[in-house]
Amino acid sequence: MLSKKIAGIAAATLIALAGAASAQDMAFFRIGTGGTAGTYYPIGGLLANAISAPPGSRACEDGGACGVPGLVASAVASNGSVANVNAIMGGALESGFAQGDVAAWAYTGTGIWEGQPKAEKLRAIANLYPESIHLVATQASGIKSVADLRGKRVSLDEPGSGTLVDAQLILAAAGLAEGDVKPEYLKPDQAADRMKDGAMDAFFFVGGYPAGAIAELASQQDVVIVPIEGEVADKVLENKFFATDTIPAGTYDNQEADVTTIAVGAQWLTSADQPEELIYNITKAVWNDATRKQLDAGHAKGKMIVKENATAGLGLPLHPGAERFYREAGLIQ
């Protein structure tokens, strides 16, 4: 009887030790995204799932997780680009998404970062997909151009978001100051709710189409996607991080024609302090065949996340781990 008790204790000890070893091997990796009604959040969820392979997971070749062994990644809702950069630099996030213009300004201490400490340790994992600038207005408002926003109730998105930065650029390109509109600073889903109540004329949103908050709004109310074109677009396009873009007809209910706008790249960022081997393995997991299937099936913008564009339009250095992967893949020299 005593020998059985000893054997039981020994077995329990081994299990406990194995559990402790598994816990030690487990690593957590957060991806700062944006509001839950935008595009960053669902894309972040797809990528977090793709790079995760918690201890005890079935092997990839057996139909299990094809991520980084021992890694548990999660998508974290946030205020957006500026907030994510600050959180990465402060150590509150391991990684996060940001617009290409915001990322470059933060790294170089220019643009909106002028006068602030440079985010010198900011590094890129990948350029992901183009983010279209949406200007959504009620049909009843009569807004047909950026210039028509004068005197209107307009949400520019919340502080810390890349949308707010770009909305300010677009207003300035149209010769408007924030004081020339009645500005509010709300997330797109909150702005859409105000629009349904008749308390908002227009709002800006920067993100991949179709955006959930806009799709829901357009299914319930007559809205227009206002073009950003002509001299206004030309002035914004002087910034090399922007490109012309089109929101195709039918993207949203009652959108009968293509809408001309501009876009900026969505980029996945991290800190130079993150281990090279970890970021190498994460980058490798992002571009494996299993992840390709998840991205293609998971979101309309997922299909646009391709490794051939992973190093395009970066205004800051790649993380050494990501750089090593892209060199091995022949994507950079």
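Reader: What share of the chain do buried residues make up, and what makes a residue count as buried?
Author: Buried residues make up 47% of the 333 residues in the chain. Buried means under 20% relative accessible area, exposed means over 50%, and partly exposed lies in between (1.4 Å probe, protein chains only). This is a predicted model, where local features need pLDDT of at least 70 and side-chain atom pairs count only at pLDDT 80 or more, while totals for chains, interfaces and linings use all residues. Residues are numbered from 1 along each chain as its sequence is written, and side-chain values use heavy atoms, with hydrogens and water left out.

Reader: How many helices and strands does the chain have, and what makes a run count as one?
Author: There are 11 helices and 12 strands. Both are DSSP runs numbered from the N terminus: helices are H or I with at least four residues, strands are E with at least two.

Reader: Why is helix α4 called largely enclosed?
Author: Because 7 of the 9 residues of α4 (residues 100–108) are buried, the rest of the structure largely encloses this helix. Those buried residues are Gly-100, Asp-101, Val-102, Ala-103, Ala-104, Trp-105 and Ala-106. What covers them includes α3 (81–90), β5 (95–99), β6 (122–138), α5 (162–173), β11 (242–247) and β12 (259–271). After α4 comes Gly-109, with a positive phi near 70°.

Reader: What makes α2 and α10 roughly antiparallel?
Author: Helix α2 (residues 40–51) packs against helix α10 (residues 289–298) at about 160°, with the axes 10 Å apart. Axes are lines fitted to C-alpha atoms, for helices over the stretch in contact, and angles run from 0 to 180 degrees between N-to-C directions. Angles under 35 degrees count as roughly parallel, over 145 as roughly antiparallel, 65 to 115 as roughly perpendicular and the rest as oblique. The pair α2 and α10 is therefore roughly antiparallel.

Reader: Which residues make that contact of α2 with α10?
Author: Leu-46, Leu-47, Asn-49 and Ala-50 of α2 meet Thr-291, Gln-294, Leu-295 and Gly-298 of α10, where contact means heavy atoms within 4.5 Å. By class, the residues of this contact are 4 nonpolar, 4 polar and no charged. Here Ala, Val, Leu, Ile, Met, Phe, Trp, Tyr, Cys and Pro count as nonpolar, Asp, Glu, Lys and Arg as charged, and the others, Gly among them, as polar.

Reader: And why are α2 and α9 called roughly perpendicular?
Author: Helix α9 (residues 276–286) packs with α2 at about 110°, their axes 9 Å apart, so the two are roughly perpendicular to each other. Leu-47, Ala-50 and Ile-51 of α2 touch Ile-282, Ala-285 and Val-286 of α9. That contact has 6 nonpolar, no polar and no charged residues.

Reader: How do you know that Cys-60 and Cys-66 are joined by a disulfide?
Author: The S to S distance of Cys-60 and Cys-66 is 1.9 Å, and a disulfide is a pair of cysteine sulfur atoms within 2.5 Å. A search of the whole structure finds 1 disulfide. The torsion about its S-S bond is about 80°, so the disulfide is right-handed.

Reader: Are these two cysteines buried or partly exposed, and what makes them so?
Author: Cys-60 has 37% relative accessibility, so this residue counts as partly exposed. Cys-66 has 18%, so this residue counts as buried.

Reader: Why is Ala-137 called buried?
Author: Ala-137, in strand β6, counts as buried because its relative accessibility is 0%. Leaving aside neighbours within four places in sequence, Ala-137 is in contact with Ile-143, Met-195, Asp-201, Ala-202, Val-223, Val-224 and Val-226.
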